[in-house]
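Colleague: I am new to this structure. Please take one part and go through it closely.

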Amino acid sequence: MWHSRLQRVSDIAQRWILPLAILVIWELAARSGWLNQRLLPAPSAVAIAFWRSLSDGSLAANTLISTERALKGMLIGGSIGFGLGILNGLWRPAERLLDSSLQMLRNVPHLAIIPLVILWFGIAEEAKVFLVAIGVLFPIYLNTYHGVRNVDPGLIEMGRVYGLSRLALFTRVILPGAMPSILIGVRYALGIMWLTLIVAETISASSGIGYMTMNAREFLQTDIVLLGIIVYALLGKLADTLTRWLEQYALAWHPNYQKPEAIS
Amino acid sequence: MNRMALADHPKIWPQNEAVSSEEFSSQGLPIRLEGVSKYFGKRQVLLPFDLKIPAGQFVAVIGRSGCGKTTLLRLIAGLERASSGSVFVGEIRVAGLQRPVRMLFQDARLLNWQSVLSNVGIARGRGWQERALKALREVNLFDRAQDWPSVLSGGQKQRVSLARALVSEPDILLLDEPFGALDALTRLEMHELLTRIWLENRFTTVLITHDVSEAVALADRVIVLRDGGIALDIPINLPRSSRALGDAATGRLQAEILRHV
């Protein structure tokens, strides 16, 4: 018990050694004047900026609005991608009708349509949500479709022999069988979600983390710019951790996701 | 040779029916194939043939790979449609999947994302958990009910799939080489288990196998499929307890069957 706790502490320590060392070296370099504070302020300056923007409420407000856009886009684009993936995976006529068009659209870099999006929506909320939705749609579509298609036909046949209804066949055989692939899509989509949002907010916004950093750039507040980047990194990490939990919960049956001691 | 089947073995029918009326007071259903053939595209897998399996009989079907034995099983299960002729389960003409028919596949085909218990009780329905636990006790896996299938051995997985078939109290059990991938010792254990469960339940059983000794050890009757037809149809009248390896009568039967494969 004591041993395993020690093991865990050392595991965590190993993950954090490198980032902490970089921070220390960076701080020392900035203080000694070796780094230009205008171009790259010390970590402590970023920490002060963090405290300032936290106490005047601007950081929380901007983070909140960015997260809201990200989640809205994810929800809309993810649902459409998931729905299309299931539809095309299960039903041949839909696949014949839709799949090649989707594959063609997928190859257009979604950020290339930004000028069009600005023409359509201006810099309103819809523009950002729309871009995020388009960005996450394809990875989720592809992985859902692929997952459904790759469910072992033997299992589906077994389900039919054992009298499962169409609904039960879907919820108990096809969907869980496709889940590992779907979650890979979700994870990939989360990365695209933040990326798209950063670009969209940097180009056209009047609030959000992207706006905050672009605004700070105009006033040469490098510490705020760095702060914005760090917030993005943390939000990305948070999203990744959440999917990891989701995987561990949803794929507890999968040998690759079982904790070593759980395998007997 | 293909036509040999029933016509050349007039003794089989009276014998087996006598056995079935004395010993088998089963809830098993008879199976009847009339002029059944099957081809995929131009390739003829089964030539038109007749076959009657009385209720409660344990039939083993032997043949080389590709001789159509799995197709025969899938026709009875309603997973394939006959190209000509009819398949009857009980008095009902098969036209799709049959409720009283359950099947064991070559691989266990368990849902890895559900516990052993949920796998066994896959058909759900009223009181499924109790029934699933009872079936697991039958196959000696009561204590593994809450495990994931991925931690089980090959033999245990096939026992789970056997329990899954037992839950719904089938009238007909179809076995498609379910022990083919198991090691010799585990296979012997499975033979014992299957024999015990069959003696208790007396469902009509059709076992596909390529192993002559397995067929002779388990079945009442062995059918050899060759070139799309029945090459041999022979009863096994030895008591089950004396079918051990090395027994002279058993050996003679095995040799006779092997000649026709």
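Modeller: Take helix α2 (residues 69-77) of chain B: this helix lies across β1, β2 and β4 (84-89) of chain B. α2(B) runs at about 120 degrees to β1(B). Axes here are lines fitted to C-alpha atoms, for helices over the stretch in contact, and angles run from 0 to 180 degrees between N-to-C directions. Contact means that the C-beta atoms of two residues, placed from the backbone, lie within 7 Å. Helices (H or I, at least four residues) and strands (E, at least two) are DSSP runs, numbered from the N terminus.

This is a predicted model, where local features need pLDDT of at least 70, side-chain atom pairs count only at pLDDT 80 or more, and totals for chains, interfaces and linings use all residues. Residues are numbered from 1 along each chain as its sequence is written, while chains are lettered from A and ligands numbered from 1 in the order in which they are written.

Now the strands. They belong to an open sheet of four, in the order β2-β1-β4-β5 (chain B). The pairing is antiparallel; strands pair if DSSP finds at least two bridges between them. β2 (43-53) and β5 (92-93) of chain B stand at the edges. Each has a single partner strand, so one side of each is left without a neighbour in the sheet. Seven bridges join β1 (residues 31-40) of chain B to β2(B). Within this pair, Y39(B) stands opposite Q44(B).

Step back to the chain. Chain B has eight helices and ten strands. Among its contacts between residues at least 6 apart in sequence, 73% join residues at least 24 apart.
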